[in-house]
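Hi everyone, thanks for making time. Let me put the structure up, and then we can walk through it together.

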Amino acid sequence: ADFRLWVCLPEETHRVQFTAVPRMREHLFAQTQSLIDTVEPTRMMEDLVGRLSESIRGGGVSLTELMSTPEQKEILDSVTGVMSLLEGHADVVMDGVGPSVIPSVADIRAKFNERRQGVGTLDRILRRLLGLDAKMAQYRNGAAFVRGVVDKVGMDEFNAVFAAPEHLPSKVEIENPSAWVTRVLG
């Protein structure tokens, strides 16, 4: 019962995020359309096998990164910043619900974090190639961003992130909350 409630919390948080900030949905749809408009299937397949082999040998990048143009990578970085914010915010909300509501919240979080690490080399390679490690990083880095900003300026100032599309953090700012604070809050 605790786990089911804990899993529902981020979904409810996402509902509130998109309901309270309707332009967030529009922004993500526009970014997705921009990405779709840049897809060139023939170019994507060129040299894919060579890049894939290189990626596996070098610890590499995901298939998405392998097949992306610089323009697409820029759009993906923007989307990654927004998704990291949304997923991280939901993670912080999940963890903010204390034991008075979900008695085993600390145990659930510990097990969840352990599972997110992956098991074995093959699992880690597959996660990397499929982009699952990037998704896990969205949760981890997004939560660190939210906590970093809230610790620095408080929740009221953090909420400026939802005030306008230009206030959304970039992928770089997700990893450096102080840069976002400086840019948006001065």
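Let's start with the rings: the structure holds 3 aromatic pairs. By that I mean rings of Phe, Tyr and Trp (its six-membered ring) with centres within 6.5 Å; planes under 30 degrees apart are called stacked, over 60 edge-to-face, and the rest tilted. One of the pairs is F158 with F162, and their planes stand at 90° with the ring centres 6.0 Å apart, so this pair is edge-to-face. Both F158 and F162 are buried, where buried means under 20% relative accessible area, exposed means over 50%, and partly exposed is in between (1.4 Å probe, protein chains only).

A quick word on what you are looking at. This is a predicted model, in which local features need pLDDT of at least 70 and side-chain atom pairs count only at pLDDT 80 or more, while totals for chains, interfaces and linings use all residues. Residues are numbered from 1 along each chain as its sequence is written, and side-chain values use heavy atoms, with hydrogens and water left out.

Now the overall picture. The protein has 12 helices and 0 strands; these are DSSP runs numbered from the N terminus, with helices (H or I) of at least four residues and strands (E) of at least two. Of its 186 residues, 37% count as buried. As for contacts, meaning heavy atoms within 4.5 Å, take those with a separation of 6 or more: residues 24 or more positions apart account for 70% of them.

Let's zoom in on helix 2, residues 22-37. Its 16 residues should span 22 Å at 1.5 Å a residue, and the end C-alpha atoms are 23 Å apart, which agrees; the expected span is 1.5 Å times one less than the number of residues. Which residues of helix 2 are buried? They are M24, H27, L28 and Q31. These residues cover an arc of only 95° around the axis, so they sit on the same side of helix 2; the arc is taken from the directions from the helix axis to the C-beta atoms. On the other side of helix 2, R25, E26, F29 and D37 are exposed. And what do the buried residues of helix 2 pack against? Helix 1 (2-20) and helix 6 (70-96).

Staying with helix 1, have a look at T13, which lies there. T13 counts as buried because its relative accessibility is 8%. Leaving aside neighbours within four places in sequence, T13 is in contact with H89, A90 and V93.

Last topic: charges. Side chains of opposite charge can pair when their charged atoms come close. The structure holds 6 salt bridges, each a side-chain nitrogen of Lys or Arg within 4 Å of a carboxyl oxygen of Asp or Glu. One of them joins R15 and E12, at 2.4 Å from N to O. R15 and E12 both lie in helix 1, 3 residues apart, about one turn of the helix.

Another salt bridge pairs R109 with D91, with the closest N and O atoms 3.4 Å apart. This pair links distant parts of the chain, with R109 in helix 7 (residues 105-116) and D91 in helix 6, 18 residues apart. Both R109 and D91 are buried.

R147 also forms a salt bridge, with D95, at 3.1 Å between the closest N and O atoms. That pair links distant parts of the chain too: R147 is in helix 9 (residues 132-153) and D95 in helix 6, 52 residues apart. Through shared partners, salt bridges join D91, D95, R109 and R147 into one network.
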